[in-house]
Amino acid sequence: MITESVLSLFGLGFVSAGILSVASKFLAVEEDPRIEVVAEALPGANCGGCGFAGCESYAAAVINDPNVAPNKCCAGGPDVAARVAELTGKAAGAADPMVAFRRCVKVEGNVAKKFEYFGIKSCAAAKLIQDGPDACKFSCLGFGDCVRACPFDAMWVENGLVHIAPAKCTSCGTCVRTCPNAILELIPRRSRVMVFCSSQDKGKAVKDVCDAGCISCGACIKKCPAQAITMVDERIHIDHKACLAYGPSCGEACVEKCPRNILRCLNPEYIAEAPEKEPAKYPEESHVADLKA
Amino acid sequence: MDIFLLFISAIFVNNILLAQYLGNCPYLGCSKEKGVAFGMGAAVLFVIVLATVICFLIQKYVLNVLHLEYLQTIVFILVIAALVQFVEMFLKKMVPPLYKSLGIFLPLITTNCAVLGVAILVQRKEFDLLTSTLYALAASLGFLLAIILMAGIRERFEITRIPRSMKGVPSGLIMAGIMSLAFMAFKGMIA
C-alpha cells in the first residue's frame, strides 16, 4: 500500500514537472535582459515622474521604444540619466533640473477663515465644502495631501501652509498632480522670477481676502521685454525658458513693476539650499483627538 | 430545475466565503479597492473552474482506479499548484492582456483553500462532471460577489472616522461577520 501511494504520487509529481518544464520551453516569453538591469539602475520609488506607471514600465519603454529619452527619471537626476543612456546606447540630453514651487503666501496675506472645518483632514475633502475653509478659494488648504503623496519626504505643513525642501525635491510632480487647488508647479531650478500666488480671481475679489495676492493687473505682462509672461487660466504664467533665454539684462522689470510685490525674484540659494529644519510630520492622529473631544 | 437551484444556492445560500468560510485571506487581503477585488475574483473564478474539472478527472481516472482515495488532499494540492503555474505560463505567452490583469493574483491563489475546498466538496457531494463544473462556476461567482461587495464597503470605510485601532483588518473582520449574518437571510430562500 505504501509502495503504491508513494509511486503514484511520485508519478503524478513527475508528470506535472514534465508538463511544466516542457511548457516553460514552449511558452517562454523572451524578455530583454537589459530591462532588468535598467530597472535596477533606477531609484525604484515608482513616483511616476517620468510619465510611466512605475520604474519597471519606464525601463521597458526606454529599452523598447527608441523615442523614449533616457533622462526622463527626474528622481534619479543626471547620474541615473547617464547610466540609463549608457545601458541603452542613447544620447543623454541635459535635462534642466526642476523643483516644485508653492504658489501661495496665505500666511503673509492674512487670509481669514470662512468657517471652522471639522471634516476629514484631507485637502481633497475640504475642497468639496464651499471650496475649502479659507476665504481665498485658491489658497493652500494645508491638510497635506501633497505631503502624504510625496515619495521623497520633501514636504511638510507649517501654519496651514505646505513647505517644500528643495534639496530633497526630485521634481517628480506627484504633489502637483495631487493638489486640488493646483497651487504647486514645477519650475526650473534656475528660474529667476515667479508669481507667489495662484488666484484666478479679479483684483477686487483678491484684495478682499488677501493682503498679498496677485490682482492680475497685467503690469508685468506689458513690462517683460522677453514676452515671457502671459495670462493662462486667468492667472499669470511665466515661460521660464523664454525668461532664462533673455537673461538678466532686463533688470527684472516685472518684479519692479509689480504693485503688489507678489511677482518676486527667486533667490538662487532658496532653490539650492538644504532644509534648515527637520520636516515636521503631518499629525495624522488629530482626527482621533477630535473623536475623544 | 435542480441544477438551477444548486447554482443559485451556491452563490447566495452556501456562499463559499460567507457561509463556508473558505478563502478568507484574499477576501481580507485584496478587498481594499474595487478594481483589485475584481481582478482577484476573476482570477479565482478562472482557477476554481479549471482546477475542479482537472481534479474531477484525476479523481475519477487515477485515484478511483488505483484505489488511492485517501491521497485525495495531497494529490489535489499538487495538481492545483502545477495547474496554476501552467496557466500562468500559458496566459503570459498566449493572452498577454489577460495575463497583465490577472498576473499578480494567479500565483497568490495557488494554495487558496477555496480552490481546494470546491474541488473536494464536489467529490463529497458526488456530483457528475457537468454539475461539478456548474457548482464551481457558481461558487466562484459567489466569491466574486462577496469580495466586490466587501471592497465597496471598505472603500467607504477608508474615508470614515473610526478609531485608529479599528482601521484596516479589525473593521474588515467585523464587516465580514456582519455580511455573513446578512447572507444567512438567504437560507430562507430555499426551504
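Glu234(A) is exposed, because 10 other C-beta atoms lie within 10 Å; the term exposed applies at 12 or fewer such neighbours, buried at 20 or more, and partly exposed in between, with C-beta atoms placed from the backbone. Glu234(A) sits in the loop between β6 and β7 (235-238) of chain A, and its phi is near 60 degrees, a positive value in a residue other than glycine. The structure is a predicted model, in which local features need pLDDT of at least 70, side-chain atom pairs count only at pLDDT 80 or more, and totals for chains, interfaces and linings use all residues. Residues are numbered from 1 along each chain as its sequence is written, while chains are lettered from A and ligands numbered from 1 in the order in which they are written.

**Confidence**

- The model scores ipTM 0.73 and pTM 0.54.
- Chain B has an average pLDDT of 86, and 97% of its residues score at least 70; pLDDT is the predictor's confidence in each residue, from 0 to 100.
- Where pLDDT is low, the predicted coordinates should not be read in detail.

**Chain A**

- Chain A holds 13 helices and eight strands; helices (H or I, at least four residues) and strands (E, at least two) are DSSP runs, numbered from the N terminus.
- Of the 293 residues in chain A, 33% are buried.
- Among contacts in chain A between residues at least 6 apart in sequence, 60% join residues at least 24 apart; two residues are in contact if their C-beta atoms, placed from the backbone, lie within 7 Å.
- Val157(A) belongs to strand β2 (residues 155-158) of chain A and is buried, because 20 other C-beta atoms lie within 10 Å.
- Val157(A) and Asp145(A) are 12 residues apart in sequence, and their C-alpha atoms are 10.0 Å apart in space.

- Most residues other than glycine have a negative phi.
- Gln227(A), although not a glycine, has a positive phi of about 50 degrees.
- Gln227(A) lies in the loop between α9 (219-223) and β6 (229-232) of chain A and counts as exposed, because it has 12 C-beta neighbours inside 10 Å.
- Glu234(A) also has a positive phi, near 60 degrees, in the loop between β6 and β7 of chain A.

**Chain B**

- Chain B has nine helices and zero strands.
- Of the 191 residues in chain B, 33% are buried.
- Among contacts in chain B between residues at least 6 apart in sequence, 79% join residues at least 24 apart.
- In helix α1 (residues 2-13) of chain B, the buried residues are Ala10(B), Ile11(B) and Phe12(B).
- The cover over the buried residues of α1(B) includes α8 and α9 (169-184) of chain B.

**Helix packing around α7(B)**

- Helix α4 (residues 72-94) of chain B packs against helix α7 (residues 113-124) of chain B at an angle of about 130 degrees, with their axes 10 Å apart; axes are lines fitted to C-alpha atoms, for helices over the stretch in contact, and angles run from 0 to 180 degrees between N-to-C directions.
- That angle makes α4(B) oblique to α7(B); angles under 35 degrees count as roughly parallel, over 145 as roughly antiparallel, 65 to 115 as roughly perpendicular and the rest as oblique.
- The residues in contact include Phe76(B) and Ile80(B) of α4(B), together with Leu116(B) and Ile120(B) of α7(B).
- By class, this contact of α4(B) with α7(B) has seven nonpolar, two polar and no charged residues; Ala, Val, Leu, Ile, Met, Phe, Trp, Tyr, Cys and Pro count as nonpolar, Asp, Glu, Lys and Arg as charged, and the others, Gly among them, as polar.
- The axes of helix α3 (residues 34-66) of chain B and α7(B) come within 9 Å and cross at roughly 40 degrees, and the two helices are therefore oblique to each other.
- Among the residues in the contact are Val44(B), Ile48(B) and Cys55(B) of α3(B), and Val118(B) and Val122(B) of α7(B).
- The contact of α3(B) with α7(B) divides into 11 nonpolar, three polar and no charged residues.

**Interface between the chains**

- The contact takes 18 residues from chain A and 18 residues from chain B.
- On the side of chain A that touches chain B, α1 (2-26) and α13 (286-292) of chain A each supply at least two residues.
- The most is given by α1(A), with 11 residues.
- By class, that side of chain A has 10 nonpolar, six polar and two charged residues.
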